[in-house]
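Have the viewer open as you read.

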Amino acid sequence: MRIQRTVGLLSVLRFLRSERSVPLTDSPINVGGRCAPWQGSIGLHKCDYFLSTRRRNSWQLILKILLFGSTAISFGFSGNVVIAEDASASNLTINNDQGDDFVTGLRRIEDGSVISNSHTIKWRIFTDNGRDLFLKGKLDEAEKYFQAALQEAKEGFGLRDSHVASSCNNLAEIYRTRKAFDKAEPLYLEAINILEESFGTNDIRVGATLHNLGQFYFLQRKVEQAQKCYERALKIEGRVLGFGHTDYANTMYHLGMVLYLQGKEKDSEALLRESIRILEENGLGETITCARRMRYLTQMLLKSERLVEAENLQRKILHVLEISKGWNFLETIVAAEGLAMTLQSLERLEESQELLERCVDARRNILPHGD
């Protein structure tokens, strides 16, 4: 089906190119107007092509098939702006784009403690086992280990120890992943409270847990609460890690996504651009993480009809994916199809057709027969 969808778009593109040679003998009509921005399934991003009325019926049939039928072309973007994948360099690991299934914010808090007894040993074993099971997607078993680790931390280290905070955070991550939000929130808040008591309000561990809490609120679209968490985490990370650190850029990006949902598109775009700039300055400009952030920036540019700027960014994304993954990677093909759509909107139909033909060949190579 996916190959057929791309072939369908390619057929329309060839049709459009052929129409350029047909003289307009009748009054021109505007077919479809402008389509919605790049969200969800997209047919033609911008349909400002004028056709003669004698071609009207055939063109409208094709347009309906593309836009409204079961063969509507999907470019893999969700209806809402979602968090992109990031691999944090610190103890906190955030994996947030739809490229991966699990969102992990599990943390180790190593404070140099020399406390050692049967409870602390069990805490470490249970924590490691829980983390491994979580990453394998075995959430039921992971939850049991994290619950046991929390109890051992309280008995071995004390009720207000940072290891208890770490266990609270880990268990909260399980509940967040399972959308048991009522169970997760008090654990996040307890972890932050303990860490603030132990290390102060500006400690990086407080910032890391605030980031997780911000993501917790973001997933529920509680954007005002998420904004407060991300803003506070950003201040801590900037002060402790520096304004050029990748973790600082990561939180900046997430804050930008929150602002986007609030309709503050200019502020959101500025944060996203700065986040990308920091990654590039840290030698991460050709990573999948950076490419996905650029993809979201591209969506913003397309929405505001800055097509030339969007094209340049899409070429950059495609270059990164070609180098890192090659054409046997579906995300590379999706990026190429997106670029082809932009080229079509710019009325560079020949370039668009060539790119779509390559996409069709690539899909045939990697997808099962008949998909």
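Keep in mind that what you're looking at is a predicted model. Head for the loop that joins α13 (330-345) to α14 (349-366), and you'll find E347 there. How accessible is E347? Its relative accessibility is 42%, so E347 counts as partly exposed, given that the partly exposed class runs between the under 20% of buried and the over 50% of exposed.

There's another residue of this kind to visit. K179 also isn't a glycine, and its phi is positive at about 60 degrees. You'll spot K179 in the loop between α5 (162-177) and α6. With a relative accessibility of 64%, K179 counts as exposed, because the cut-off for that is over 50%.

Now for the inside. The largest nonpolar core takes in 79 residues, and L187, L213, L272, M294, L297, W327 and L355 are the ones with the most contacts within it. Zoom in on L355: setting aside neighbours within four places in sequence, it touches W327, A336, L339, A340 and L343.

On to the rings. Seven aromatic pairs are found in the structure. Take W123 and F157: their ring centres are 5.5 Å apart and their planes meet at 80 degrees, so this pair is edge-to-face. The two come from distant parts of the chain, with W123 in helix α3 (residues 118-135) and F157 in helix α4 (residues 139-157), 34 residues apart. Both W123 and F157 are buried.

F181 and F216 make another edge-to-face pair, 5.5 Å centre to centre with 75 degrees between the planes. F181 belongs to helix α6 (residues 181-199) and F216 to helix α7 (residues 204-219), so this pair ties together parts 35 residues apart in sequence. F216 is buried, with a relative accessible area of 1%. Ring pairs also bring in Y188 and Y217, which join F181 and F216 in a cluster.

Finally, look for charges over rings. The charged end of R205 sits over the ring of F199, 3.6 Å from its centre. R221 has its charged end over the ring of F218, 4.8 Å from the centre of that ring.

Terms used
Residues are numbered from 1 along each chain as its sequence is written. This is a predicted model: local features need pLDDT of at least 70, side-chain atom pairs count only at pLDDT 80 or more; totals for chains, interfaces and linings use all residues. Side-chain values use heavy atoms; hydrogens and water are left out. A nonpolar core is a set of buried Ala, Val, Leu, Ile, Met, Phe, Trp, Tyr and Cys residues joined through side-chain atoms within 4.5 Å. Buried means under 20% relative accessible area, exposed over 50%, partly exposed in between (1.4 Å probe, protein chains only). Contact means heavy atoms within 4.5 Å. Rings of Phe, Tyr and Trp (its six-membered ring) pair if their centres lie within 6.5 Å; planes under 30 degrees apart count as stacked, over 60 as edge-to-face and the rest as tilted. Helices (H or I, at least four residues) and strands (E, at least two) are DSSP runs, numbered from the N terminus. A charge sits over a ring if NZ of Lys or CZ of Arg is within 6 Å of the ring centre and within 35 degrees of the ring normal.
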